Amino acid sequence: GGIDWRDISDVVQGSVMASVAFLAYMCLVFYAVLNVLTGVCVQEATKAAEKDVNYSILEHLKKQNGVIDGLREIFHEADVEESGMLTWEQLSAHLERKKVRMYFKTLELDTWDLRTFFEILEESEEAEGVG
């Protein structure tokens, strides 16, 4: 429905000013339609990116929880006395197992890193006991 653009252009051809006004009107309408289409595309792209960010966050949290569970399992296995306390000697002995060494290697942790961690914890406990 509606009036054809050609019918309107035939009417305004007699006047240069009317032709310019009609051309400007057509450009404005065309620009408005393109602006709406661009807005829809940007909105959909934003929604997709937001979903992707949320997915990435969830995947990272899932991976982090998996690492925590794996460390918890290794530390429980290393606590052979089942005291709830882990000594460096117990963990060091547990590190003799290839599976345990490989797990820490996937976390990019060396024996030196673990030893340093234990030393920091010991210093922290001593400082708390003195203060």
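This is a predicted model: local features need pLDDT of at least 70, side-chain atom pairs count only at pLDDT 80 or more; totals for chains, interfaces and linings use all residues.
Now for the aromatic rings. A pair of aromatic rings is described by the distance of the centres and the angle of the planes. Searching the whole structure turns up 3 aromatic pairs. One of them joins Phe 117 and Phe 118: the ring centres sit 6.3 Å apart and the planes meet at 90 degrees, so this pair is edge-to-face.

Next comes a histidine. His 94 belongs to helix H3, which covers residues 88–94. With a relative accessibility of 7%, His 94 counts as buried. And what does His 94 touch, leaving aside residues up to four places away in sequence? The contacts are Ile 74, Glu 77, Ala 78 and Val 100.

That leaves the cysteines. How many disulfides does the structure hold? The count is 0. Cys 27 has a relative accessible area of 47%, so this residue is partly exposed. Cys 41, at 53%, is exposed, because the exposed class takes in values over 50%.

Terms used: Residues are numbered from 1 along each chain as its sequence is written. Side-chain values use heavy atoms; hydrogens and water are left out. A disulfide is a pair of cysteine sulfur atoms within 2.5 Å. Buried means under 20% relative accessible area, exposed over 50%, partly exposed in between (1.4 Å probe, protein chains only). Helices (H or I, at least four residues) and strands (E, at least two) are DSSP runs, numbered from the N terminus. Contact means heavy atoms within 4.5 Å. Rings of Phe, Tyr and Trp (its six-membered ring) pair if their centres lie within 6.5 Å; planes under 30 degrees apart count as stacked, over 60 as edge-to-face and the rest as tilted.
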